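User: Please take me through this model term by term, and for each label show me which value is set against which cut-off.

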Amino acid sequence: MGIMSFLRNRAGAIIIIAIGLAIVAFLLSDAIRSGSGFIADANGKIGEVDGEEISYQDFNARVDQNSQQFRAQMGNLNPQMQSYIVENTWNQMTSSIILEKQTEKLGLTVGNTELFDLMFDNPSPQMQQIFADPQTGAFNRANAISSRKSADTEPTGQLKAQWVSLEESILHERSNQKYLALIRNGIYANSLDAKDEYTNKNRLVNFDYLVLDFASVKDADVKLTDADYKEYYEKNKYRFKNQTETRTFEYVVFDASPSKQDTIEAKAKIDKIAEGLRTTDNDSLYVSINADTKEPIVYQKKGTLEPALDSVMFNASKGFVFGPYISNGAYKVAKLVDARISPDSVKARHILINPATEGGVDKAKAKADSIKNLIQKGAGFAELAKEFGTDGSKDSGGDLGTFARGAMVPKFEEAVFNGSVGQIFTLETQFGVHVIEIQKQIGSSKVVKVAVVDKQIAPSSQTEQAAYQKAQSFIAGVKNQKEFEEIAQKQGAVKLVADDVTPLQGGLPGLDDARSIVRWAYQADKGDISNEIFTVGSKYVVAVLTEIKPEGTLSLEQVKKTIEPSVVNLVKGRMLKEKADKALAGASNLAQVAQKLGVSTSNVENIVFANPIIPGYSQENKVVGAIFGSQLNKISKSIVGDRGVYVYSVKAFTEPAPFTNAAKTKETLAQNLSTQADGAVFQVLKEKSKIKDLRAKFY
């Protein structure tokens with residue numbers, strides 16, 4: 001985290017709004033939408049909700065905000081994370097538009113007095129988070145009001161725009177809360193609901209049963225007909241609704257991973273680098289020239305180095321060189337530059353002078369020196385910070401709070417951790433010229449400064465060319481799907497299948513970032529061979545599109561392969577039910593039925609309707625439901641369940657104690673229903689909305 005990021009998190013004034021809005025954008029479901037468009041034509045439209053367009057510009061700005069928030073929490077984002085962020089952002093914005101239309105339809109509004117109250121007197125969670133006092137965590141009303149007043153005079157207009165967005169966000173959130181409150185207040189549970197809940201959880205049953213397991217019939221003995229498929233399809237048609245169009249394709253991967261020779265050559269290079277690192281007298285320069293990954297050399301505490309180094313560097317002598325070793329696909333060599341005992345954390349304050357408003361760095365330095373001299377002569381640091389400071393910390397007297405290593409930029413960190421308590425000095429960083437006072441240094445532990453040079457183990461041009469030529473040879477010989485499979489088999493290439501790929505899917509089996517292939521699939525027709533060789537990392541890929549499933553209810557042909565195991569069980573159930581029915585004919589008890597079928601019976605006790613699991617066997621909703629509607633000591637009809645065909649006989653019901661706490665049960669039921677309401681209402685509103693999703697054109 002950089003120093004300015006740290007300052008923004010510590011202060012509740014001007015610049016902090018930027019970070020606050022990024023947090024808000026990630027947490028809230030309601031969108032902050034500007035009125036600007038992308039470009040004049042339809043190419044700038046990324047989606048539409050009930051006639052309201054979402055521009056690429058607005059959507060991408062929100063994706064950037066959410067990405068920044070994720071990056072701050074998790075570091076670099078991989079393709080899967082980025083895909084998740086795009087999806088999450090889409091859900092935020094579409095839900096916002098849908099809800100806004102509902103609140104407008106109902107006339108739900110938020111007045112100016114109510115908005116002011118939400119911002120300053122009874123602050124919303126957004127305001128509380130953005131303007132939290134760094135020491136107490138409490139809402140700092142004075143800082144919030146000061147920042148809002150500053151927005152009207154801040155020359156760039158950026159702060160005003162941020163405040164407008166924040167106010168709009170709070171307003172939308174409040175409107176949404178009112179709408180959802182209306183929904184929740186209409187949810188209730190009556191006395192019958194409460195009694196059913198109590199009975200279903202407390203009435204017990206004791207029964208005997210036998211089962212003819214589907215597994216007792218071999219799949220090979222089951223002959224499926226078109227009528228069987230149709231029967232299952234018609235009964236379960238509701239299951240086959242495709243929420244979005246999907247495409248299935250097969251692909252062959254030609255790997256250009258580093259060869260053994262490439263690894264040997266990389267090892268030779270790192271050996272030379274290791275020798276140079278041992279003898280250099282300028283470690284920083286050597287790292288910047290030779291390392292593939294340029295990182296500043298800073299003091300680090302135990303547990304922050306990668307494990308291979310953390311275990312050796314804290315017990316080594318200055319100048320010790322470790323490696324070469326392999327880590328994350330690279331050869332690395334590390335040198336212990338320095339080790340010392342250092343504070344664990346520091347409390348400091350500063351006054352930041354901006355060279356841009358002072359006429360240059362020299363004038364900023366001169367002003368900083370003058371301020372430092374005034375402080376050393378007894379002037380109040382906090383008062384001077386409020387008068388001359390130019391960042392968000394000035395309203396809190398320049399206070400930066402207490403921070404550990406890693407919170408500040410390296411130059412600032414070095415100065416305050418290596419200085420002495422009470423020291424007042426000036427320092428230039430990329431943010432300007434600082435007047436700094438070290439107020440307190442807490443704790444002490446060993447820290448080390450380690451220089452690391454890495455060289456990626458990359459494939460040589462010869463390795464890449466060989467793999468590419470294989471891909472070229474393959475694609476040249478393939479004209480249709482049948483040849484695709486035949487040539488792949490002949491060449492011994494591994495053919496992979498990507499089933500039901502969605503328009504924005506990022507990764508595929510064996511491929512972390514496959515957006516280029518997915519984009520091709522959504523522009524191709526069924527049976528098309530890719531007319532290009534896709535490069536994914538160190539792999540070359542050729543694909544063939546095998547199936548397109550449109551949005552909406554899928555046809556029987558489109559799901560036939562998927563439902564086959566279920567259709568097999570349908571037919572097995574029919575066969576076993578016929579067998580059970582024959583055994584039931586003339587039988588007077590369950591034991592006789594079991595004897596005819598050559599199976600044994602089992603006894604089950606203390607089953608409740610609310611937990612329909614036959615112990616040690618399976619969840620059988622249909623069977624247990626039938627049991628609770630049966631008479632005592634009667635042989636049931638055969639019932640086809642999820643795992644087999646059952647016949648049972650109820651031995652006893654144990655009735656629960658009289659139901660006396662209806663009020664509490666009704667309250668619990670209503671709370672549970674209310675908890676589910678938010679998600680359910682969004683789902684229903686989305687299903688009833690006309691949503692066009694064009695994201696695949698852009699991402």
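Analyst: The cover over the buried residues of helix H22 (residues 590–597) includes strand S3 (204–213), helix H21 and strand S22 (644–654), where contact means heavy atoms within 4.5 Å. The model is a predicted one, in which local features need pLDDT of at least 70 and side-chain atom pairs count only at pLDDT 80 or more, while totals for chains, interfaces and linings use all residues. Residues are numbered from 1 along each chain as its sequence is written, and side-chain values use heavy atoms, with hydrogens and water left out.

User: Which residues of H22 are buried, and why are they said to line one face of the helix?

Analyst: The buried residues of H22 are Leu590, Val593, Ala594 and Leu597, where buried means under 20% relative accessible area, exposed over 50% and partly exposed in between, with a 1.4 Å probe and protein chains only. Seen down the axis of H22, these residues fall within an arc of 100 degrees, so they line one face of the helix; the arc is taken from the directions that lead from the helix axis to the C-beta atoms. Ala591 and Gln595 are exposed on the other side of H22. Helices and strands are DSSP runs numbered from the N terminus, a helix being H or I with at least four residues and a strand E with at least two.

User: What is the order of the strands in the four-stranded sheet, and why do S18 and S21 count as its edges?

Analyst: The four strands form an open sheet in the order S18-S3-S22-S21, with antiparallel pairing. S18 and S21 each have a single partner strand, so one side of each is left without a neighbour in the sheet.

User: Which residues of helix H10 are buried, and what do they pack against?

Analyst: In H10 (residues 226–235), the buried residues are Asp228, Tyr229, Tyr232 and Tyr233. Viewed down the axis of H10, they fall within an arc of 130 degrees, so they too line one face of their helix. They pack against strand S17 (552–553) and helix H21 (556–584), whereas the face turned away from the buried side carries the exposed residues Asp226, Ala227, Lys230 and Lys235.

User: Why does leucine 554 count as buried, and which residues is it in contact with?

Analyst: Its relative accessibility is 6%, which lies under the 20% limit, so leucine 554 counts as buried. Leucine 554 lies in the loop between S17 and H21. Leaving aside neighbours within four places in sequence, leucine 554 is in contact with Tyr233, Phe240, Asn242, Lys549 and Val559.

User: Why is the pair of phenylalanine 474 and phenylalanine 484 given its label, and how many aromatic pairs are there?

Analyst: Rings of Phe, Tyr and Trp (its six-membered ring) pair if their centres lie within 6.5 Å, and planes under 30 degrees apart count as stacked, over 60 as edge-to-face and the rest as tilted. By this rule there are 20 aromatic pairs. The centres of phenylalanine 474 and phenylalanine 484 are 5.3 Å apart and their planes stand at 85 degrees, so the pair is edge-to-face. Phenylalanine 474 belongs to helix H18 (residues 461–477) and phenylalanine 484 to helix H19 (residues 481–491), ten residues apart, and both are buried. Phenylalanine 609 and phenylalanine 628 are likewise edge-to-face, with 5.8 Å from centre to centre and 90 degrees between the planes.

User: What makes arginine 203 a charge over a ring?

Analyst: The requirement is that NZ of Lys or CZ of Arg be within 6 Å of the ring centre and within 35 degrees of the ring normal. The charged end of arginine 203 sits over the ring of phenylalanine 653, 4.1 Å from its centre, and that of arginine 643 sits over the ring of tyrosine 617, 4.4 Å from its centre.

Key: Two strands pair if DSSP finds at least two bridges between them.
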